[in-house]
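Please consult the sequence and the structure while reading.

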Amino acid sequence: VGILVGQHNGFGINGIIPAAQWGYVATLQNFPIPLLSTLVNATTVALSSGDAILIELQSAGFLPIETSLSVYDAIQVAAANGVIVVEPAGNGAQSINNVLIGQSSGAIMVGARYQGSAQPWFATNHGARVDLFGQGESVATTSASRAPGNFGNDYCNTSGVPIPQIPPVQQVFSANHFLWPPASFAAMPAAENICYTGKFGGTSSASPVVLGALLSMQGIHKNTYPNGNPAAVPNFIRPQPLLSIFKKTGYAQESEATTRPIGKGPNLETAISHYFADYDVDGHSNGKEAAMGWVRT
């Protein structure tokens with residue numbers, strides 16, 4: 001949440017897409033997979049084409065969540081409805097070429113790289129199915145005094161006095177119970193508003209970084225072609241044409257591209273230039289063609 005929509009308010013961290021509308025579903029650590037597919041289906045109904053779902057979970061064995069058939073099916077429905085689904089490739093340091101279910105679910109799968117390079121992070125899963133990669137170590141985001149493990153509490157206050165640990169709040173929400181800010185944070189202790197970390201990592205940090213780039217491009221398209229525009233261009237780009245823009249313009253993997261492939265790294269500046277260009281010189285920009293679903297060579 002911090003990586004994506006952290007507010008640019010002069011302290012803490014700056015999110016990639018702070019003006020986006022968002023909500024979240026809290027889960028238990030041992031979250032039942034059948035309920036996840038129900039939540040994905042319910043979220044798909046609540047969203048519109050061009051919106052996005054980020055699934056920050058992995059399956060048993062540190063595999064992508066779509067190795068569960070029910071989740072795979074739910075993702076396919078979401079993608080067919082034009083919803084962008086982003087999922088981590090998982091942190092099992094293994095090839096996933098032989099563990100996935102048939103053809104792609106339609107989700108955009110994200111691997112992790114090291115900070116400052118396009119070299120695969122040591123524990124990222126890899127394979128031909130991985131579409132894009134994002135930063136997998138030393139990612140700055142919001143944190144909390146209750147945060148376990150690799151989050152850390154680097155910047156909770158200026159005095160250096162640790163904030164007392166607060167027992168985790170564990171609750172599974174039903175399919176129609178989504179938390180939307182800011183009211184959902186009313187009960188948070190005031191101290192929770194001053195906790196930040198520079199230690200978030202893995203494919204779980206890489207995935208929101210990638211989604212931030214994807215939705216930045218989506219926002220540019222919505223601004224260029226608002227609803228009801230005279231050219232009758234849809235004001236959203238469906239998942240696969242949007243992914244194609246970033247695969248065409250992204251950073252190449254710097255090492256182990258044949259042995260541990262993790263896709264391309266989003267280059268938003270180049271993607272924006274590509275969006276507004278007209279490479280086939282037919283009078284229609286690449287971005288318009290992507291939104292219309294026109295396949296160009």
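## A buried serine

Ser216 counts as buried because its relative accessibility is 15%; buried means under 20% relative accessible area, exposed means over 50%, and partly exposed lies in between, as found with a 1.4 Å probe on protein chains only. Ser216 is located in helix H4. Helices (H or I, at least four residues) and strands (E, at least two) are DSSP runs, numbered from the N terminus. With neighbours within four places in sequence set aside, Ser216 is in contact (heavy atoms within 4.5 Å) with Ile16, Ile17 and Leu268.

## Basis of the model

The model is predicted: local features need pLDDT of at least 70 and side-chain atom pairs count only at pLDDT 80 or more, while totals for chains, interfaces and linings use all residues. Residues are numbered from 1 along each chain as its sequence is written, and side-chain values use heavy atoms, with hydrogens and water left out.

## Helix H4 against helix H6

Helix H4 covers residues 203–224 and helix H6 covers residues 268–276; they pack at an angle of about 30°, with their axes 10 Å apart. Axes are lines fitted to C-alpha atoms, for helices over the stretch in contact, and angles run from 0 to 180 degrees between N-to-C directions. H4 is therefore roughly parallel to H6, since angles under 35 degrees count as roughly parallel, over 145 as roughly antiparallel, 65 to 115 as roughly perpendicular and the rest as oblique.

Which residues in H4 and H6 meet? On the H4 side they are Ala213, Ser216, Met217, Ile220, His221 and Thr224, and on the H6 side Leu268, Ala271, Ile272, Tyr275 and Phe276. By class, this contact has eight nonpolar, three polar and no charged residues. Here Ala, Val, Leu, Ile, Met, Phe, Trp, Tyr, Cys and Pro count as nonpolar, Asp, Glu, Lys and Arg as charged, and the others, Gly among them, as polar.

## Helix H5 against helix H6

H5 and H6 pack at an angle of about 115°, and their axes are 9 Å apart. Ile245, Phe246, Lys248 and Thr249 in H5 meet Leu268, Thr270, Ala271 and His274 in H6. The residues of this contact divide into four nonpolar, three polar and one charged.

Pro241 is also in helix H5. With a relative accessible area of 25%, Pro241 is partly exposed. Pro241 and Glu289 are 48 residues apart in sequence, yet 8.9 Å apart in space, C-alpha to C-alpha.

## The nonpolar cores

In soluble globular proteins, nonpolar side chains tend to be buried together. A nonpolar core is a set of buried Ala, Val, Leu, Ile, Met, Phe, Trp, Tyr and Cys residues joined through side-chain atoms within 4.5 Å. The largest nonpolar core has 28 residues, and Val86, Ile108, Leu132, Leu214, Ile237, Leu242 and Phe246 have the most contacts inside it. Elements giving two or more residues to this core include strand E4 (84–88), strand E5 (108–113), H4, helix H5 (239–249) and H6. H4 gives the most to this core, with six residues. Another core, of 14 residues, lies apart from it, and includes Leu39, Val40, Ile55 and Ile65.

## Ile55 in its loop

Ile55 lies in the loop between strand E1 (52–54) and strand E2 (58–59). At 5% relative accessibility, Ile55 counts as buried. Not counting residues up to four places away in sequence, Ile55 touches Leu36, Val40, Ile65, Ile75, Val85, Val86, Glu87 and Pro88. Ile55 and Glu87 are 32 residues apart in sequence and 5.2 Å apart in space, C-alpha to C-alpha.
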